[in-house]
Amino acid sequence: MSYPYQIKSLDEYHDAYKKSISDPAKFWAAIAENFLWKKKWNNVLSWNFTGENAPQIKWFEGAKLNITENCLDRHLKDSADVPALIWEPNDPKENSVTLTYKQLHEKVCAFANVLKNNGVKKGDRICIYMGMIPELAIAVLSCARIGAIHSVVFGGFSAQSIADRINDAACNLVITCDGAHRGAKAIPLKPIIDDALLQCTSVKKVIVYSRTHTPVAMMKDRDVWWEDEIKKVEAQGKTDCPAEEMDAEDPLFILYTSGSTGKPKGVVHTTAGYMIYTTYTFVNVFNYQPDEIYFCTADIGWVTGHSYIVYGPLAAGATSMMFEGIPTYPDAGRFWDITDKFKVNILYTAPTAIRALMAHGLDFVKDKKLDSLRVLGSVGEPINEEAWQWFYKNIGKEKCPIVDTWWQTETGGILISAIAGVTKLKPSYATLPLPGIQPAIMDEKGNEISGNDVSGNLCIKFPWPGMLRTTWGDHERCRKTYFDAYPGYYFTGDGCLRDENGYYRITGRVDDVLNVSGHRIGTAEVENAINKHTNVVESAVVGFPHDIKGQGIYAFVITEKQNGDAELTKKDILETVTRIIGPIAKPDKIQFVKGLPKTRSGKIMRRILRKIAEGETENLGDISTLLDPAVVEEIKREKV
Ligand code: WTA
């Protein structure tokens, strides 16, 4: 594959950027010419960020396509034998798996026919809850093949969280595994699905892939084995599966993400714009060259895996790696072993992983070659300077650019990032907006701040093809969450600064969303979960700086019976949170308090709690509206 739109110099970047702003429709239409269409579009863009039914965003209206023909079929002519996916198992002694474009195409067609045999139709919603195995990517692509909308739920979510997501989207089929291997543990998945489905009446079928070969209960008329179903389609001779004709704006997937309210939102991405945007940004940000090995360490349960393991790289005809395990198993050198084993050229990972590996010391790096590496990438949270330098020196050997990529589930793809080999780097800065992206920094009054050397809340003022279109089942919520705060703008929820050279640095969330090990978790969600515990009267959750996780979760909890066994209550609370949300949302610290700092109108003053959790004791800011200052003194005294 060749990429005529690949940016090779700073001049080319500035030129592309200018064109993308002066005539966005012309700019994106030219890029869209590089894809496979069943029918071309009538209109490149129509949009509205304000008004009653806002947002209304349509890219490539009238066009017909199937994204899997772009990710698979079109590569069969020249790149059939190029590896599409390389999978490295959790256990380094187990064999890795390589699927060429031809093989992946066959597998996707076969499984798409399995879905059809099990009654799946265009527009159906399919929940996917699996470990990081090739079948996860195959399941995702098979849905897209037949026009079903996938909703992947990360393996670390509990039965309750899965049930909420399944019910919100009214999924009628679930694809799962018996279990998943992660480090030294085998994690049950099917039993969790069984628990979830007790609350879900919409689900008629469950397809189970056997990965861990642990015994599971199969429910009659509902549960079937992946392998048996594949044998059936083979016996039926259904090896090919024609790609369903999709409209440019047909939904491709739903991905749930946390916001400031207790209930996760189903972010909806559509087909054509998402495809073009993820491919364009993949090719440009990482400067991908044909035949290179690209390794993104994310999980497909998060947006990074959707956009930059599956869709972007495959549409670009790249070789994309998938890793089942964790960075520290069997030891903290695993990423580097994989890099050397497969001669990885591009490595895209998260600051939390870098910090965790950094903490294990250089012994795990010193015998590794790492000479195949050419580009490094970071995503998920602000990368601190120390981690940046460690990554740059010890992994990139001071010769690989680090692209610090800022984006969100809602944005579909990377919005602000250096372009590898093109943009001059500045540690801890995401640097410059990609072509098509028009950032705006807003002041406290809601006005856009012009010029450089400024800071405020980050908005985007013009649509880009990869942006969310709605939140599933509740369009108004989409408007309220993202478009009401600053009329005419998409509000990101992040704070940022723009330095004297126009470089952007993202400073973190300005709403009640935490970023724990790169996972977005709403404080309200965690509070709701804690409050479910019988002994809990009220709780308030804030973030605090954590060496490895970036942010840790600090919970202030009022209990009913204060003279019980505090340690036991803490354990129970952790179990409650694990049951309601999942282990990823477990508080790192729990402090029992007699009262919470509130205003006279009864609002919890989180600002004060945040300061205390951060270790600040003196300067708590304005506390004049506080109802009972004694509460704060006590919380300070008993800080954990
Ligand atoms: C944060 C992950 C600073 C940010 C792709 C954003 C970052 C949230 C960066 C989205 C970065 C992500 N620098 N902050 N390079 N990348 N973030 O939806 O706060 O899981 O709003 O998408 O992560 O998280 P999400």
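Which of the 17 residues around the ligand come nearest? They are Asp404, Thr405, Thr409, Asp494 and Arg520, where a residue is near a molecule if one of its heavy atoms lies within 4 Å of it. This is a predicted model, in which local features need pLDDT of at least 70 and side-chain atom pairs count only at pLDDT 80 or more, while totals for chains, interfaces and linings use all residues. Residues are numbered from 1 along each chain as its sequence is written, and side-chain values use heavy atoms, with hydrogens and water left out.

**Ligand contacts**

- A polar side-chain atom of Asp404 lies 2.7 Å from a nitrogen atom of the ligand, a polar contact being a pair of N or O atoms within 3.5 Å (within protein, one must be able to donate a hydrogen and the other to accept it, and residues adjacent in sequence count only if both atoms are side-chain atoms).
- Gln408 has a polar side-chain atom 2.9 Å from an oxygen atom of the ligand, and an N or O atom in the side chain of Asn515 is 3.3 Å from an oxygen atom of the ligand.

**Cavities and pockets**

- On a 1 Å grid over the protein atoms alone, a cavity is a set of points where a 1.4 Å probe fits but cannot get out, whereas a pocket is an open set with protein on both sides within 12 Å along at least five of seven lines; lining residues have an atom within 4 Å of a point.
- A search of the whole structure finds three cavities of 30 Å³ or more, and the largest cavity holds about 60 Å³ of space, a volume being the space filled by probe spheres set on the grid points, which are joined across faces, edges and corners.
- The lining of the largest cavity includes Asn66, Ala144, Met246 and Thr271, and by class it has six nonpolar, three polar and no charged residues (Ala, Val, Leu, Ile, Met, Phe, Trp, Tyr, Cys and Pro count as nonpolar, Asp, Glu, Lys and Arg as charged, and the others, Gly among them, as polar).
- The second largest pocket holds about 340 Å³ of space, and of the 15 residues that line this pocket, Ala16, Lys19, Phe27, Ala30 and Ile31 are the closest to its centre.
- Helix H1 (10–22) and helix H2 (24–32) are the elements that give two or more residues to the lining of the second largest pocket, which divides into eight nonpolar, two polar and five charged residues.

**Buried helix residues**

- Asp194 lies in helix H8 (residues 190–197), helices (H or I, at least four residues) and strands (E, at least two) being DSSP runs numbered from the N terminus.
- Asp194 is buried, with a relative accessible area of 19% (buried means under 20%, exposed over 50% and partly exposed in between, with a 1.4 Å probe and protein chains only).
- Thr352, in helix H13 (residues 351–359), is buried with a relative accessible area of 13%, and its contacts (heavy atoms within 4.5 Å) include Glu381 and Ser517, not counting residues up to four places away in sequence.

**Backbone geometry**

- A cis peptide bond with omega of about -5° joins Ala54 and Pro55, and Pro55 is found in the loop between strand S1 (43–48) and strand S2 (56–61).
- Asp291 has a positive phi near 80° and is exposed, with a relative accessible area of 63%.
- Leu370 has a positive phi near 60°, but counts as buried at 1% relative accessibility.
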